[in-house]
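Let's take a walk through a protein chain together, one piece at a time.

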Amino acid sequence: MRRIREGLRRGHETDGFSLPEMLIAMTIFAAFLAVITATVSTMMQDIRHTTTVNHAAAQNARAFDAFDQEIRPASAVNIPGLGTNGQDFYIEFLTTSLQGNALCRQWRLVVATDQLQQRSWTPVASGTPTLSAWTLVANGIVNTTDPFGLATPADYAQSDSVTMQLTDTQGVKPSATANTSTTVVAENTTANTPSNLDTNGNGFSDNPVCQIGVSRP
């Protein structure tokens with residue numbers, strides 16, 4: 001019995017870890033945990049960034065689709081430019097409704113709110129037309145230059161080409177930016193279209209369409 005007790009006593013004396021061994025093990029575990037945490041955090045940021053880029057690109061694509069459908073049948077397009085406040089960017093064009101009636105459309109980028117908007121109305125010969133409310137097309141559009149561009153043809157057999165270029169920033173920490181552009185041919189225009197002319201070089205159409213009773217506010 002004595003030998004058994006002595007054997008058990010010696011066995012208990014060698015059980016467990018010493019304090020230095022515990023400290024070393026905890027240090028190794030903490031370092032391993034820090035590496036894992038940093039890796040997971042980086043992966044999550046990459047996923048958020050990719051998702052945000054895709055969201056911005058998808059929003060631009062939806063705006064381009066709407067722009068394409070509206071301006072493709074246009075018979076005249078005004079030279080794009082700044083509004084009366086000297087900050088927001090505008091473009092107007094004369095197109096047709098689904099019923100085949102003349103319809104004016106105006107698009108603008110509101111710089112203060114980073115919003116791309118549009119509205120429409122039936123053109124009038126005099127007075128003030130009934131304007132629709134502004135409709136939001138896209139958020140987070142942070143262009144610092146005019147998103148709209150008009151290329152008039154030199155050949156009478158060709159049509160106006162209208163470009164819309166959007167810089168779309170979405171999300172925070174991290175944010176993501178998508179830079180995309182599209183060019184649409186206004187199929188019912190020619191080099192003879194009156195709104196193409198800017199003989200005095202002031203950056204505005206000499207004979208604008210859809211401007212009776214309507215401004216660029």
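Start at G81, which is found in strand β2 (residues 81–82). Strands here are DSSP runs of E with at least two residues, helices are runs of H or I with at least four residues, and both are numbered from the N terminus. With a relative accessibility of 10%, G81 counts as buried; buried means under 20% relative accessible area, exposed means over 50%, and partly exposed is in between, using a 1.4 Å probe and protein chains only. Now look for F148: its C-alpha atom and that of G81 are separated by 8.0 Å, although the two residues are 67 apart along the chain.

Before going on, a word on what you're looking at: this is a predicted model, where local features need pLDDT of at least 70 and side-chain atom pairs count only at pLDDT 80 or more, while totals for chains, interfaces and linings use all residues. Residues are numbered from 1 along each chain as its sequence is written, and side-chain values use heavy atoms, with hydrogens and water left out.

Now zoom out. The chain has two helices and nine strands, and from the N terminus on they run α-α-β-β-β-β-β-β-β-β-β. Of the 217 residues in the chain, 33% are buried.

How do the strands pair up? Two strands count as a pair if DSSP finds at least two bridges between them. Take strand β4 (residues 102–110) and β5: they pair in the antiparallel sense over seven bridges. Is β5 itself enclosed or open? Six of the seven residues of β5 (residues 115–121) are buried, so the strand is largely enclosed by the rest of the structure.

D114 lies in the loop between β4 and β5, and it has a positive phi of about 60 degrees although it is not a glycine. Its relative accessibility is 27%, so D114 counts as partly exposed.

Strand β7 (residues 148–151) and β8 are joined by four bridges and run antiparallel, with A151 opposite S161 in β8. Then β8 and β9, again antiparallel, are joined by 11 bridges; here T167 stands opposite N179 in β9.

Next, go back to β4 and find C104. A disulfide (a pair of cysteine sulfur atoms within 2.5 Å) joins C104 to C210, with an S to S distance of 2.1 Å. C104 lies in strand β4 and C210 in the segment after β9 (176–186), so the pair ties together parts that are 106 residues apart in sequence. A search of the whole structure finds one disulfide. Which hand does it have? The torsion about the S-S bond is about -85 degrees, so the disulfide is left-handed. Both C104 and C210 are buried, with C210 at a relative accessible area of 10%. C210 also has a positive phi of about 60 degrees although it is not a glycine.

Now for the inside. In soluble globular proteins, nonpolar side chains tend to be buried together. A nonpolar core here is a set of buried Ala, Val, Leu, Ile, Met, Phe, Trp, Tyr and Cys residues joined through side-chain atoms within 4.5 Å. The largest such core has 21 residues, and F67, I71, V77, W107, L116, F148 and M164 touch the most other members. The elements that give two or more residues to this core are α2, β3, β4, β6, β8 (160–170) and β9. The largest share, four residues, comes from α2.

Which residues line the largest pocket? They are Q69, E70, P73, T95, T96, S97, L98, L103 and R105. The elements giving two or more residues to this lining are α2 (19–71), β3 (89–96) and β4. A pocket is found on a 1 Å grid over the protein atoms alone, as an open set of points where a 1.4 Å probe fits, with protein on both sides within 12 Å along at least five of seven lines; lining residues have an atom within 4 Å of a point.
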